[in-house]
Amino acid sequence: MSLTSAAASNWEADALPATKVRSYWQSVGYRLRHDPVTLVFGAIVLAIILTAVFAPWIAPMDPYKDSVIGRLKPFGWRGHILGTDELGRDMLSRLIHGGRISLMMGLVPVLVATIVGGTLGIIAGFGGRAVNTAIMRTMDVFYAFPSVLLAVAISGAMGGGIANGMIALSLVFTPAICRVAETATAQVRNLDFIEAARASGAGTFTIIRHHVLGNVLGPVFIYSSSLVSVSILLASGLSFLGLGVKPPEPDWGLMLSTLRQSIYVNPLICAVPGIAIFITSICFNLVSDGIRAAMDVRM
Amino acid sequence: MDGSHIATPPLVEVDDLTVRFVTREATVHAVNGVSFAIRPGETLCILGESGSGKSVTLRALMRLLPPDRTRITGTMKVDGRDVLAMDRRALGAYRGGLASMIFQEPMTALDPVYTINQQISETIIRHNGGTKAQARARALELFELVKIPSPERRLDAYPHELSGGLRQRAMIAMALSCGPRLLLADEPTTALDATVQIQVLILLRRLQKDLGMATIFVTHDLGVAAEIADRVAVMYAGRIVEEGPVAEVLGNPQHPYTQGLLASTVHGQPRDQDIQAIPGSPPDLRRLPSGCAFGPRCSQAMLACRTIVPEPRHPAPGRMARCLRVQA
Amino acid sequence: MDHPTLTHADDADPRDRGGTAQPLLIARDLRKHFQVKGGPATLFGAGRAAVRAVDGVSFTLFKGETLGIVGESGCGKSTLARLLLHLIVPDAGELIFDGDTVAAPDGITVRALRQQVQMVFQDSYSSLNPRMPVQDSVAFGPYVQGRSQAEARDIARDILVKVGLNPALFGPRYPHELSGGQKQRVNIARALAINPRMVILDEAVSALDKSIEAQVLNLLRQLKRSFNLTYVFISHDLNVVQYISDRVLVMYLGHVVELGPVDAIFDRPLHPYTTALLGSRPSMDPAHRIDEPPLTGDPPSPINPPSGCRFRTRCLHAEPICAATVPVLGAWLDRESHVAACHIQTPGSGHSQAAAQGSA
């Protein structure tokens with residue numbers, strides 16, 4: 001008995017490979033869900049962020065309440081789980097409240113730099129040689145400065161403070177992100193499907209909106225997420241130098257600075273804000289690495 | 001494979017070779033029980049389309065597959081030596097010394113930051129020892145062998161300074177530098193222009209005859225197989241489905257896939273008719289169908305083809321076909 | 001066997017302006033040079049080399065035919081394809097589409113041209129946006145041409161059916177989930193979604209397996225009949241060109257060397273290069289192998305090509321006249337004419353094998 005032969009027509013009679021139909025982002029999500037390292041550290045990052053957001057309700061004590069007699073007391077003294085700082089304020093509460101400002105100074109500049117740098121990079125990648133040269137060489141000037149120096153210089157010139165610190169950091173990160181976006185755009189620009197889109201009659205903005213953005217956002221996002229930890233560190237550095245947050249605001253960098261002299265009295269307490277910075281940075285780094293791995297893999 | 005035809009011991013003996021790529025997501029059954037033998041000086045052409053397993057077979061013979069993901073079973077013997085059992089040192093002597101490989105895209109197969117001379121000399125010195133001057137002299141000899149014009153000048157060129165055809169000749173020269181007895185060629189002419197392709201094919205044919213090398217030539221092009229092969233093995237979904245002398249396989253194909261390939265190759269068909277295409281696409285190597293892998297696309301399939309994997313049948317001495325319709 | 005949803009186009013296209021007598025496309029003396037980025041020596045333009053990719057190409061394309069363009073690397077056929085759509089702007093020469101000059105003030109705009117002419121690219125990893133579902137890639141064309149998103153999606157689904165892909169099954173998929181043949185069908189669907197009159201196929205089947213190539217060629221033939229299309233089929237594969245073309249144009253180093261009906265070109269080639277090209281096809285018969293290659297050496301680079309006839313450096317019949325004068329193609333306007341740009345073919349050219357002036 002013979003089977004009826006497959007129709008000799010052009011119809012695609014065969015089934016597709018038996019993988020579940022998943023969109024690109026769904027498959028990214030799938031890989032992330034099965035990556036234990038990223039999940040664990042992602043949870044820690046989430047915990048850190050939530051702690052910062054709900055600081056007023058989580059912090060056990062008032063972070064501004066000082067006490068002359070209770071200065072630099074060790075862990076556990078009279079209910080202060082992490083001891084007290086040099087003015088007698090509760091370390092844990094200051095740490096939790098400080099997280100708000102530190103995280104904000106970590107995330108906001110990166111966000112701003114991504115939007116500004118990303119836009120400039122796409123324009124540079126798609127525009128003609130003149131536009132490209134103008135934008136990229138300007139970026140190069142800023143890029144040439146070491147980031148700490150640039151942040152300090154801009155922030156100092158503007159007079160310090162949180163807002164100026166964030167502006168300074170945004171300016172520091174914009175060139176790097178712009179460069180990533182420009183490279184990604186330049187790579188995509190010459191691919192066949194862009195030519196096909198042009199052949200369909202699409203204008204430049206339509207092409208950018210539909211075809212370029214999706215392919216450029218990936219690399220830009222990966223790069224930006226790795227900058228968050230750098231931003232936190234730089235912000236802490238600015239505060240350490242007195243250019244960011246002003247006392248008595250709690251901020252991890254500022255806490256490090258003011259606790260510096262007390263290192264001979266109670267070294268452990270002085271390390272606490274540093275450890276907080278360290279852990280937060282590492283967690284963001286690992287999560288961004290995990291996202292990069294998930295977004296990079298193509299079947 | 002009919003043993004009565006092999007008078008001299010075979011140079012290459014592959015027996016029940018199976019290659020699987022294992023990842024967390026799926027297992028790809030790239031090669032499923034491939035067996036063949038090649039006599040010294042003979043050219044076997046492995047004919048197949050993408051996904052047939054032809055390139056994987058070749059790379060398995062050179063142990064070029066990624067070790068962490070690959071599971072190889074079966075035996076492969078070249079000149080009596082077990083290729084799978086070779087340690088790193090033995091492999092180093094084997095690759096380039098006993099067996100050599102040329103690839104499809106010479107631009108990526110040659111290192112762009114070294115001159116051709118440096119690359120060939122490195123191979124020669126590694127296998128045969130000697131001084132740089134001796135190696136260069138030998139490289140010059142080889143360049144003349146592969147008919148590269150102005151050989152001294154070309155020796156000191158970088159790969160990107162040569163045209164496609166010259167790069168391919170340089171790669172052939174490099175492969176031949178240590179006198180291998182087995183040449184593995186993975187679609188070396190596919191990326192070349194027509195007028196260059198025929199030159200390289202004729203050159204390979206001549207070299208193979210003059211140097212007495214056995215050659216395994218992987219291609220998807222029937223014309224190339226006709227030009228260069230002594231014997232042809234047709235692969236589909238990781239198995240050899242037909243094998244035999246080239247004139248007989250191309251002139252009187254036994255397996256429906258080979259017949260379909262011949263009918264669907266554009267070669268002088270009348271313009272007002274459709275070409276007889278094989279419907280459907282090759283199977284997913286992660287989920288091979290039960291029974292004959294070609295069954296779902298075969299116009300001559302029977303009910304039994306769905307359950308039984310056809311074993312090799314020999315309709316004539318020296319010929320093999322894996323098809324239930326072929327009389328042994 | 002025709003696919004049930006494809007029918008033959010009976011009505012004449014309402015966009016037709018000149019009728020069947022008027023060529024759909026006339027290319028006249030198209031020229032495109034690319035500047036080679038030189039080192040410091042050429043910084044100020046002194047002696048800057050140029051890739052003379054297309055150097056004076058002329059031909060006509062008649063309505064409803066398939067013109068095959070063949071040539072090897074460096075001949076300029078891909079550049080020519082892009083010139084026809086003004087994806088690359090020609091340095092010189094003109095394009096006349098159905099009687100209107102392209103990009104001329106009183107002619108047809110490039111945007112309007114692209115509503116009637118489309119291109120199918122070679123199936124490469126970059127021919128489809130990897131981050132877009134396939135049906136969105138196909139719907140993009142109609143959307144850009146002014147349809148609403150919903151309309152565009154309907155058109156896309158409809159076209160996917162016509163190229164043999166089930167839209168429910170294949171529409172939401174991403175390119176990396178499709179096989180080569182399926183991707184190429186999507187490419188064809190993308191070109192046809194705009195409802196063009198002319199389709200340029202740039203090595204459209206070259207990257208496919210032979211059995212899939214056959215399927216796609218059959219599909220292309222059917223689509224041509226159903227949609228009343230005119231094809232420009234660019235390929236390096238002579239066998240495929242012979243099968244699908246009505247007329248053939250042979251290119252070498254930016255020049256047209258021969259042009260004529262397909263049977264004439266393949267049975268009685270006039271130009272030595274065409275003869276060599278045809279003789280380079282591997283024989284399908286192991287008993288009759290090719291012993292000597294028709295041409296030695298590689299195709300030269302289109303930077304600074306030889307003077308006069310560009311093929312003379314590899315031509316067996318080259319003579320001093322070939323280095324001195326560029327051979328002219330001859331009457332290329334008619335559908336039936338078979339011409340070659342060769343001094344042997346030109347009476348009175350001075351070549352020893354040419355006919356005397358005034359004869360033939």
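## A quick tour of a predicted model

Below, we go through a few helices, some ring pairs, the domains of chain B and a handful of single residues.

**Residues with a positive phi**

- Most residues other than glycine have a negative phi.
- E203(C) isn't a glycine, yet its phi is positive, at about 50°.
- You'll find E203(C) in the loop between strand 7 (198-202) and helix 7 (210-227) of chain C.
- A103(C) is another residue other than glycine with a positive phi, this one near 60°.
- Look for A103(C) in the loop between strand 5 (100-101) and helix 2 of chain C; with a relative accessible area of 48%, A103(C) is partly exposed.

**Helix 3 of chain C**

- Helix 3 of chain C runs over residues 134-144 and is mostly covered, with 9 of its 11 residues buried.
- Among the buried ones are V134(C), V138(C), F140(C), P142(C) and V144(C).
- The cover over these buried residues includes pieces of two chains: helix 8 (192-199) and helix 9 of chain A, together with helix 2 (110-116), helix 4 (149-162), helix 5 (167-170) and helix 6 (180-192) of chain C.
- After helix 3 of chain C comes G146(C), which has a positive phi near 120°.

**Helix 5 of chain B**

- This helix spans residues 132-145, 14 residues in total, and it reaches 20 Å from its first C-alpha to its last, close to the 20 Å expected at 1.5 Å a residue.
- Its buried residues are A135(B), A139(B), L140(B), L142(B) and F143(B).
- Those residues cover an arc of only 160° around the axis, so they sit on the same side of helix 5 of chain B.
- In an α-helix there are 3.6 residues a turn, so residues three or four places apart point the same way.
- The other side of helix 5 of chain B has A133(B), Q134(B) and E144(B) exposed.
- Helix 4 (116-128), helix 6 (151-155) and helix 7 (164-176) of chain B are included in what covers the buried residues of helix 5 of chain B.
- K147(B) follows helix 5 of chain B and has a positive phi, near 60°.

**Domains of chain B**

- Chain B is assigned two pieces here: domain 1 (1-98 + 183-267) and domain 2 (108-179).
- Taken over C-alpha atoms, the centres of domain 1 and domain 2 of chain B are 25 Å apart.
- Where they meet, 17 residues of domain 1 of chain B are in contact with 14 residues of domain 2 of chain B.

**Aromatic rings**

- Searching the whole structure turns up 7 aromatic pairs over all chains.
- One of them is F54(A) with W57(A), an edge-to-face pair at 6.2 Å centre to centre, with 65° between the planes.
- F54(A) is partly exposed, at a relative accessible area of 40%, while W57(A) counts as exposed at 69%.
- Over in chain B, the ring centres of Y236(B) and F294(B) are 5.2 Å apart and their planes are at 85°, so this pair is edge-to-face.
- Y236(B) belongs to strand 9 (residues 231-236) of chain B and F294(B) to the loop between helix 11 (256-264) and strand 11 (320-321) of chain B, so the pair ties together parts that are 58 residues apart in sequence.
- Y236(B) is buried, with a relative accessible area of 4%, and F294(B) is buried with a relative accessible area of 4%.
- Y257(B) joins in too: ring pairs link Y236(B), Y257(B) and F294(B) into a cluster.
- There's also a charged side chain by a ring in chain A, with R189(A) over the face of F126(A), 5.7 Å from the ring centre.

**Two buried residues in chain A**

- V287(A) is part of helix 11 (residues 267-296) of chain A, and at 15% relative accessibility V287(A) counts as buried.
- V287(A) and F41(A) are 246 residues apart along the chain, yet 6.2 Å separate their C-alpha atoms.
- Leaving out residues up to four places away in sequence, V287(A) touches T38(A), F41(A), G42(A) and V45(A).
- S225(A) is in helix 9 (residues 204-240) of chain A and is buried, with a relative accessible area of 13%.
- With residues up to four places away in sequence left out again, S225(A) touches F284(A) and S288(A).

Notes. Residues are numbered from 1 along each chain as its sequence is written. Chains are lettered from A and ligands numbered from 1 in the order in which they are written. This is a predicted model: local features need pLDDT of at least 70, side-chain atom pairs count only at pLDDT 80 or more; totals for chains, interfaces and linings use all residues. Side-chain values use heavy atoms; hydrogens and water are left out. Rings of Phe, Tyr and Trp (its six-membered ring) pair if their centres lie within 6.5 Å; planes under 30 degrees apart count as stacked, over 60 as edge-to-face and the rest as tilted. Buried means under 20% relative accessible area, exposed over 50%, partly exposed in between (1.4 Å probe, protein chains only). Helices (H or I, at least four residues) and strands (E, at least two) are DSSP runs, numbered from the N terminus. A charge sits over a ring if NZ of Lys or CZ of Arg is within 6 Å of the ring centre and within 35 degrees of the ring normal. The expected span of a helix is 1.5 Å times one less than its number of residues. The arc is that of the directions from the helix axis to the C-beta atoms. Contact means heavy atoms within 4.5 Å. Domain bounds come from an automatic or database domain assignment.
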